[in-house]
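Hello,

Here is the structure I said I would pass on. My notes come after it.

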Amino acid sequence: MQALQARCAGLPVGGRRSPPPAAAGGTAHPAAATVRCSAASSTQKAAPSSSSSSSSSSSTPASWPSAEARRAGYGSSPREPALSVPAHVTGRLPAWLRGKYIRNGPGELSEMEHMFDGYGMLLGFDIDGKNNSITGSRRFVESEAWKHYSATGKMRWREFATAPKYASLGERLADIVNTLLGTLGLSEAVTDNASVNVFPLQDGSAVAMTETVQGTYRVDLSSLQTLGRVQYRGDKIVGDLTTAHPQPMPNGDLVNLVSTVGVGFHVYRHPAAAFEQRQLIAKVPHRRPLAPAWVHDFPATQNYAVIPEMPLYFNVGKLLFGGRSDAVFMDWAPQDRTTLHVVDLRDGSRRSYKAPACFVFHWANAWESEDGRYLHIDACLYDDPEICNDLYLDPLRAEYAPGRVPGRAYLRRATIDLQAADGSEVPGGWQPLVPDEVCPPFDFPKVSPLKRGQPYRYVWGACSVRPTSAHNSVGKWDTQAGTVQIWNEPGGLIGEPIYVPAPDAAAEDEGAVLVVVVEAGGASSLVCLDGATLQEQARARLPWQITIGFHGCFVSAA
Ligand SMILES: [Fe+2]
């Protein structure tokens, strides 16, 4: 393990709670670097040493984000909207790349405790590869939570890990009651801060989402203006806790779920042409009716959705009255292991299978074997949910200090035999798709949109060159060759990479990777990488500071 880390010099892949690697050299070099890591190879090229901020000490590893990058990336963006501001483009965009990249994420974190707490801000890039130009836009999602905070400077509702500062006992009690009723699906008085994801609909608008049904807003793709809260009518789908990762189906439908204390999961479909008209597919009871497991994302194919009921449970008492548990306000009970509920989207039937305990934010892909017998689900899989604690803002903003290395995810696959009996064990559990020793800590996995729900080879994702838990690199996993390529932004931070296949691409990786970067000096840029080589092709610098965000999408102009 240590030898492999040394061979990927400058790009230590790190290990769970192992001591951090020795500091790399500190020559200032603004250029990003790529390196290929392979368990079998000993010819990896060392990456150049990264730049360091002026405040970094000589013992700070070169991969640690600079003070300027942390200040910008975990800070706040300007509150006033900006529309179609020209970015300064260096390099050459692919001429075929034309469209809009839009992403959501926290734009205001100043009073928050955790990365998941900030108020949602949309960031849009209009890309014209033919003319090698990019304009940038930004606008906060006009949720009730944001409007209240921006007008009063006070939080209206609890966010993921930050509670309002109550002015009176009455305010505190009212918040407790509303939160309790919200978990039961009986109150709309929960946060509507749509800060996690944004995706397009067939009518040309888009939807910004968080993990409450209340926080589902239509937005205009061009102006980024908030058009209004999505109102579901006429269905029996009870509950307010949902995922911000609805799964696209080949016909344009979306599949998602809500989870309600005392009720369970409801799996439903949004018809492509009628997002507001949800159609119930199946109900799945919780293992612990009063403590639902957290489901942030789930894998799905055209025929199946898998609800991963992992042993990370909402502690409703902590949620109501405050206080930390194993992971923020949630309890970790690995003895319960993981239950994979496979819902047949055609008829709503279900079988459930057992797998080892794990924690997953995001699933890379899911696909069925040619004969339809096996269902493969691929994940950024953590051994435990400690990463949730790593994402508190204090450790993210901190200067480097030797010590514990934060949590990490590996690329893992479970293969479910769909003919196996209900309740049976998944054979082999979670299997690595590349050797663990070359798999850098990563998340935000992306496959080509042309390969969603299909057999595939490549995964792109945001990864961490240790010892930081922050994402500072883009990785490309080759699941056939068992290798990983890495592009590193020295001293900086990056967001979720998006893969855009080239028109009429002959190869799965013939395309571009778009990624938002906070540079070591604090400047904000959109970087375009070659999908095959991860070589940087172009960089568009914005004239304002951005925070590191979450999820987005590319909408082609073609
Ligand atoms: Fe997510």
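This is a predicted model: local features need pLDDT of at least 70, side-chain atom pairs count only at pLDDT 80 or more; totals for chains, interfaces and linings use all residues.

Residues are numbered from 1 along each chain as its sequence is written, and side-chain values use heavy atoms, with hydrogens and water left out.

Metal site

The iron ion is coordinated by the NE2 atoms of H245, H296, H362 and H551, at 2.0 to 2.2 Å. Donors here are N, O and S atoms within 2.8 Å of the metal (3.2 Å for Na, K and Ca); water is not among the atoms, so sites may look incomplete. Along the chain the donors are spaced H-x50-H-x65-H-x188-H. H245 lies in the loop between β11 and β12 (247-248) and H551 in the loop between β33 (536-542) and β34 (552-556), so this pair ties together parts that are 306 residues apart in sequence. Helices (H or I, at least four residues) and strands (E, at least two) are DSSP runs, numbered from the N terminus. H245 and H551 are both buried, meaning under 20% relative accessible area, with exposed over 50% and partly exposed in between (1.4 Å probe, protein chains only).

The angles among the 4 donor atoms run from 93 to 164°, and the site is irregular.

Aromatic residues

There are 23 aromatic pairs in the structure. Rings of Phe, Tyr and Trp (its six-membered ring) pair if their centres lie within 6.5 Å; planes under 30 degrees apart count as stacked, over 60 as edge-to-face and the rest as tilted. Y232 and F275 have ring centres 6.2 Å apart and planes at 40°, so they are a tilted pair. Y232 and F275 are both buried.

The pair F359 and Y382 is also tilted, since the centres are 5.9 Å apart and the planes at 45°. F359 is in strand β21 (residues 359-368) and Y382 in strand β22 (residues 374-382), 23 residues apart. F359 is buried at 1% relative accessibility, and Y382 is buried at 4%. Both belong to one aromatic cluster, together with F116, F160, W294, F314, F329, F361 and F550.

Charges over rings

K476 lies over the face of Y458, 4.3 Å from the ring centre. A charge sits over a ring if NZ of Lys or CZ of Arg is within 6 Å of the ring centre and within 35 degrees of the ring normal. K476 is in strand β27 (residues 473-478) and is buried, with a relative accessible area of 4%. The charged end of R138 sits over the ring of W544, 4.6 Å from its centre.

Helix α3

In α3 (residues 144-152), A145, W146 and Y149 are buried. They cover an arc of only 95° around the axis, which puts them on the same side of α3; the arc is that of the directions from the helix axis to the C-beta atoms. The buried residues of α3 pack against β4 (98-108), β5 (119-128) and β6 (133-140), where contact means heavy atoms within 4.5 Å. G153 follows α3 and has a positive phi, near 75°.

Regards

Conventions. Four donors count as tetrahedral if all angles lie between 85 and 135 degrees; four count as square planar and six as octahedral if opposite donors are over 155 degrees apart and all others between 65 and 115; anything else is irregular.
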